Amino acid sequence: MSLRFSESLRQSCEVTWTRAVEHRFVRELGDGTIADDVMAAYLIQDHRFLDSFLVLLGAAIASSDRFESRLVLGRFTGMVCGEENTYFLRAFEALGVDTETRTRAPDTAPTAGFKALMREAAATRSYAATLAVLNVAEGLYLDWAQRVPRPLPTHFVHAEWVTLHDNPMFVEFVAFLRAELDRVGPDDAALAQDFFQRAVDLELAFFDAAYAERTA
Ligand SMILES: Cc1ncc(CN)c(N)n1
């Protein structure tokens, strides 16, 4: 049986992908020992990530060739705008991160890079390019979330960040993204490979930055 296109992209980035999903951030989040300032620094940056992520999802909706795909992407976008955004606001409150602190913290280099990459993928108007980045952003997050041992830590800031990325709806969405990339990616293989690889590099750098910056 031949290798799925999505899997061939993942395997081409195996070393960096594995370093990201086995990152210290994931270990400490999973056992609830992550320092509050690291979690806060990460969430401040990740809330910034969300805006360009919505641009990317919007571009995927606009560039998709199928109504059925637009419906799936649209439903997921609704969840990000609702449940996921609300999680950030509740987490900031619990961690004592006020709006001024959040606004004052500058973008880290990986945040700036990720925002630029997502907007660049959106600007290509290529469904394959948007899918390549989405497959990393969601596929890599599902992979680490599924590796977190159960039971989950008791604090909702930790536990919910795992369950937002490992629940039946999310598993189904990642399977959809993979199938879509397998379907349209081979016709735009070089473009998809380039965006996929850069996104994996940024995921690892994003976790590293939470420890380097501690901006909270
Ligand atoms: C950096 C990053 N990458 C991916 C995800 C999952 N949407 C996220 N929240 N942040």
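1. A residue is called buried here if 20 or more other C-beta atoms lie within 10 Å of its own, exposed if 12 or fewer do, and partly exposed in between, with the C-beta atoms placed from the backbone. By that count Glu84, with 18 C-beta neighbours inside 10 Å, is partly exposed. The structure is a predicted model, in which local features need pLDDT of at least 70 and side-chain atom pairs count only at pLDDT 80 or more, while totals for chains, interfaces and linings use all residues. Residues are numbered from 1 along each chain as its sequence is written.

2. On the overall fold, the secondary structure of the chain comes to eleven helices and zero strands, where helices (H or I, at least four residues) and strands (E, at least two) are DSSP runs numbered from the N terminus. The pattern along the sequence is accordingly α-α-α-α-α-α-α-α-α-α-α. The C-alpha atoms fill a box of roughly 45 × 35 × 30 Å, taken along the principal axes. A compact globule of 216 residues would have a radius of gyration near 17 Å, and the chain, with 17 Å, agrees with this; the radius is taken over C-alpha atoms, and the globule rule is 2.2 Å times the number of residues to the power 0.38.

3. Of the 216 residues of the chain, 41% count as buried. Two residues are in contact if their C-beta atoms, placed from the backbone, lie within 7 Å, and among contacts between residues at least 6 apart in sequence, 86% join residues at least 24 apart.

4. The UniProt record, an unreviewed entry, carries the annotation "domain: Thiaminase-2/PQQC" for residues 13-211. UniProt positions are given in the numbering used here, feature names are shortened, and annotations may be inferred rather than shown by experiment. In the model, the end C-alpha atoms of residues 13-211 lie 23 Å apart, and the span is 81% helix and 0% strand.

5. Which residues lie around the ligand? They are Asp46, Phe49, Phe114, Ala137, Glu138, Tyr141, Glu203 and Phe206, a residue being near a molecule if its C-beta atom, placed from the backbone, lies within 6 Å of it. Two or more residues of this shell are given by each of α4 (36-63), α8 (127-147) and α11 (189-213), and the largest share, three residues, comes from α8. By class the shell has five nonpolar, no polar and three charged residues, where Ala, Val, Leu, Ile, Met, Phe, Trp, Tyr, Cys and Pro count as nonpolar, Asp, Glu, Lys and Arg as charged, and the others, Gly among them, as polar.

6. In soluble globular proteins, nonpolar side chains tend to be buried together. A nonpolar core is taken here as a set of buried Ala, Val, Leu, Ile, Met, Phe, Trp, Tyr and Cys residues joined through C-beta atoms within 7 Å. The largest such core has 65 residues, of which Leu56, Ala132, Val133 and Ala199 touch the most other members, and α8 gives the largest share of this core, 13 residues. Leaving aside its neighbours within four places in sequence, Ala132 is in contact with Leu181, Ala192, Phe195, Phe196 and Ala199.

7. Two points of backbone geometry deserve a look. Most residues other than glycine have a negative phi, and most peptide bonds are trans. The peptide bond from Arg150 to Pro151, however, is cis, with omega near 0°, and Pro151 lies in the loop between α8 and α9 (156-163). Arg125, in the loop between α7 (109-123) and α8, has a positive phi near 60°; with 11 C-beta neighbours inside 10 Å, Arg125 counts as exposed.

8. Thr154 is also placed in the loop between α8 and α9 and is exposed, because 8 other C-beta atoms lie within 10 Å. The C-alpha atoms of Thr154 and Gly32 are 7.5 Å apart in space, although the two residues are 122 apart in sequence.

9. Glu84, the residue of the opening point, has its place in helix α5 (residues 67-95). Leaving aside its neighbours within four places in sequence, Glu84 is in contact with Met79 and Leu164.

10. Leu3 and Asp182 are 179 residues apart in sequence and 9.9 Å apart from C-alpha to C-alpha.
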